[in-house]
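Take a look, and then we'll go through it piece by piece.

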Amino acid sequence: MRFRYTKRGHLRFTSHRDLARVFERALRRAGVPVAYSEGYSPHPRISWAGAAPTGVASEAEYAEMQLAREVPLATLHEELRSTLPAGMDIAEVVPAGTGSLPDRLEASTWRVEVEGIDFSELRRAVELLRASESVEVERMTKKGRRTLDARAALVDIRLHGASTSGVGPDAESVSGASDVPRVDDCPDRVQRYGIIVMVVRHATPVVRPDDVLKALRVVADLPTPEVARATRLEQGRLDDGGTIVDPLAPDRAAAGTR
Amino acid sequence: MESVYDRLEPLLSQVSKPVQYIGGELNSSVKDWDEATVRWCLMYPDAYEVGLPNQGVMILYEILNEQPGVLAERTYSVWPDLEELMREHGIPQFTVDAHRPVGAFDVLGVSFATELGYTNLLTALDLAGIPLHARDRTDEHPIVLAGGHAAFNPEPVAEFVDAVVLGDGEQAVLEITELIRAFKEEGTPGGRAELLARLAAQGVYVPGFYDVHYREDGHIEEVVPNHPSAPHRVFKRTTMDLDEWPYPKQPLVPTAESVHERMSVEIFRGCTRGCRFCQAGMITRPVRERSNRGITEMVQRGLESTGFEEVGLLSLSSADHSEIGEITKGLADRYEGSNTGLSLPSTRVDAFNVDLANELSRNGRRSGLTFAPEGGSERIRRVINKMVSEEDLIRTVSTAFSSGWRQVKLYFMCGLPTETDEDVLQIAAMAKEVIRAGREVSGRKDIRCTISIGGFVPKPHTPFQWASQAHPDTVDERMRKLRKEITSDRRLGRSIGVRYHDGKPSLIEGLLSRGDRRVGHVIERVWRSGGRFDGWNEHFSFDRWVSAAAEVLPPLGVDLDWFTTRERSEDEILPWDHLDSGLDKEWLWTDWQDALAAREQDDCRWTPCFDCGVCPTMGTDIEVGPSDRPLLPITPVNSGTPVRNTAFESAGGAD
């Protein structure tokens, strides 16, 4: 079976390994008959298709799991939902169809809340970045300093104000809890606040939302934002119009025709 | 009480492993602040990954939170990267549960498993806005309460803590809670001083109620109470009948990676094997076993509530449980096919056998095997009273190698009293013999033996409390010779790994273990010059400790050597003599003399009482099986997980 899951609230600070462990333990508590690998040290057969980096939230993470025997997926979904911690929610479960799931994850839509930079400055930066062809940024990796082109992977980038609707889940539900201050409570913060929505192609090396933020700083000489909260809104194939296609759609269609 | 999370969150993306600061662990709890009358903050003064699995904190956390009107949260040491940001942004030391400021609680309970956490206590106090010195605190500040094994000599931190509980905490925390509740309900008459007086009257050690007088030569003249509520001696607490205290019932499951990722059940407390270096074995007497029924119930409930893949049966020497065979077989039967591993983290070589080996390896995962002969030669093992023979060891590792294990780890100590180079070189002989025997029984060349060697630190309340600690140079020199002895054997040496860190941290641990109140000045000096996380090699600075000791101690007539490498005499008043672990000081001295004569001492579980003094002083008794309580009925779960969920048992099929 394949599933989409979320990473919200405090769980944004977990690494992928942390989250995988959380999930495996939930499987055991819920008594899910998951298939195990053979060998000296058996592991549950779960393939994680990519993963949002530490510090970043997501509404659209994907994985595939093999069961030891068939069980009703609705039951599985229900049992896991009641066992997983707040913030990690199984949004959808479908029977696995043919074709590779990771291959369908070509690009992501990211939503980044930025605080501490004037909205007008942000707007100028976004426009400059859109107009650029290539913007190189540096990132520290385990192998040392690495340079990558943040503009090349960028399919689209737009800026919205605090009151703008239609940019995915609102700040509260994305961040999971009341621990996020509501910007519209303090008018002076609204002016120094913006929501950036961008579509980024998955490339090697991978370009992360913070790389794009760095690119904005490079092109417009912006200061470092006080807060920058990124959330992945969707993942999937890019169609010709630059929109992202639900990666579970083929599985869903196949299950429907069975 | 307001959460600091909003202010903390933006900083988390700037620090390493932010997950350790977010809380929300499975089985953690956040209670309403205003509905609680007594609020505890429990601290393990080390990094989250080490502190979270600590059983002591977990037990007290659950016991306290079960009480109506009582709230307990946890805090751990923050790494220097976050400490710096917290100072810059004015964020106080916080709990991970509800991110409340530590300074707002009634009690800050700190569990000291090791003395190397003392500087971390100071960081936490300072970040919490609590004055470092107990005497500077007011009614606004929490009572800083120390516990744990290191608290059996709390004198080096006497200036920094308000009160100390010796021994088991289960009942003590509830009594202290009741005392504080009553005190608050009366309207806190007399303030902090009165509260401390009430605690002292109830047998809690309040260091400020005792004066220590020193002689000209630096020795302690006397330790005398200066307050009417303070008793002359303070006794340790002992929790009897572990079955009545099945904690943790729902162990905390960290979201972050921690040092022990398993469901731990303490199968007994205390140990009377009588190893003379072992403070834990001396201060936790007598032996109190949990029944096999109690153990299996805790395991099942724990696995259901955690999802852990490994069960650890903990104690100071797990294979010594009188029903260990039954327990391990019962658990292995029950969890057959459920991918649940079973481990005995502390196993004596003479208590290990084929049956045990088989039960431990039945359910897939085979955890590593570790044994601790502690001493290389028969003679030194008599000195330390670790009576395992080389034959026992070879028989045991042969069993392990023929049962499929490929690697064993052996623990030793270096720098033991009366030790010579020859005693240490015997470790090499032993390791080679292990490899030889292992290759023979397994018929394979790929078996390994890792020997891990620690510097010996004499501890209070043990027969070695009078011993001279070996100088790091001596220990390092012996280690060099040992390494050479191993690597010079081309045939066997390459199958032997040696793990040893230099002897310097041990000397500082020795200073802190057997220090008195004057050592507190050294701790403070080290902390002020940047000392943090002294249990971590990458943070520990020997030079910082040595120079702080050299500045602070000589004006007081003592020095680093005086506290560490100096042998004490029988009539010397030791800094912890007024703190009673139940052990008779005369018996300890006799045992020390026996050690010097390499005379062994039996275990009172199997031979007559040898008058260590604990049971009569504390009114306790040995509690060992048979418990006559049957195991949980064995119904193998056999579904890949240890939990049977009926929702999945109806006729299958994808919908």
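## A salt bridge to start with

Let's begin with A:R130, which counts as partly exposed because its relative accessibility is 39%. (Buried means under 20% relative accessible area, exposed means over 50%, and partly exposed is in between, using a 1.4 Å probe and protein chains only.) This is a predicted model, where local features need pLDDT of at least 70 and side-chain atom pairs count only at pLDDT 80 or more, while totals for chains, interfaces and linings use all residues. Residues are numbered from 1 along each chain as its sequence is written, chains are lettered from A and ligands numbered from 1 in the order in which they are written, and side-chain values use heavy atoms, with hydrogens and water left out.

Which residue does A:R130 form a salt bridge with? The partner is A:D156, and the closest N and O atoms are 3.1 Å apart. A salt bridge here is a side-chain nitrogen of Lys or Arg within 4 Å of a carboxyl oxygen of Asp or Glu. The pair links distant parts of the chain, with A:D156 in strand β8 (residues 154-160) of chain A and A:R130 in helix α3 (residues 119-131) of chain A, 26 residues apart. As for those element names, helices (H or I, at least four residues) and strands (E, at least two) are DSSP runs, numbered from the N terminus.

Next up is A:D211, which forms a salt bridge with A:R139, the closest N and O atoms being 2.9 Å apart. A:D211 sits in helix α6 (residues 209-220) of chain A and A:R139 in strand β6 (residues 136-141) of chain A, so this pair ties together parts that are 72 residues apart in sequence. Are these two buried or exposed? Both A:D211 and A:R139 are buried.

Over in chain B, the side chains of B:D446 and B:R444 meet in a salt bridge, at 2.9 Å from N to O. B:D446 is partly exposed at 41% relative accessibility, and B:R444 is partly exposed at 35%. There's also a network: salt bridges that share partners join A:R17, A:D18, A:R21, A:R25, B:E257 and B:E261. Over all chains, the structure holds 74 salt bridges.

## The sheet in chain B

Chain B has an open sheet of five strands with parallel pairing, in the order β2-β1-β3-β4-β5. Its edge strands are β2 and β5 (163-164) of chain B, each pairing on one side only. (Two strands pair if DSSP finds at least two bridges between them.) Strand β1 (residues 38-44) of chain B runs parallel to β2(B), joined by seven bridges, and four bridges join β1(B) to strand β3 (residues 107-111) of chain B, also in parallel. B:W40 stands opposite B:A72 in β2(B) and opposite B:V107 in β3(B).

Why is strand β2 (residues 70-76) of chain B largely enclosed by the rest of the structure? Because seven of its seven residues are buried. B:V70, B:A72, B:R74 and B:Y76 point one way from β2(B), while B:L71, B:E73 and B:T75 point the other way.

## A strand pair in chain A

Strand β4 (residues 90-94) of chain A has four of its five residues buried, so this strand is largely enclosed by the rest of the structure. Four bridges join β4(A) to strand β1 (residues 2-7) of chain A, and the two run antiparallel. Across that pairing, A:R2 stands opposite A:V94.

Most residues other than glycine have a negative phi, and most peptide bonds are trans. Now for the exceptions. A cis peptide bond joins A:T204 and A:P205, with omega about -5°, and A:P205 is in the loop between β9 (193-201) and α6 of chain A. The peptide bond from B:Y247 to B:P248 is cis too, with omega near -5°.

B:F533 is not a glycine, yet has a positive phi of about 45°. This residue is found in the loop between α18 (519-528) and α19 (542-552) of chain B, and is buried, with a relative accessible area of 2%. B:A598, not a glycine either, has a positive phi of about 55° and counts as buried at 16% relative accessibility.
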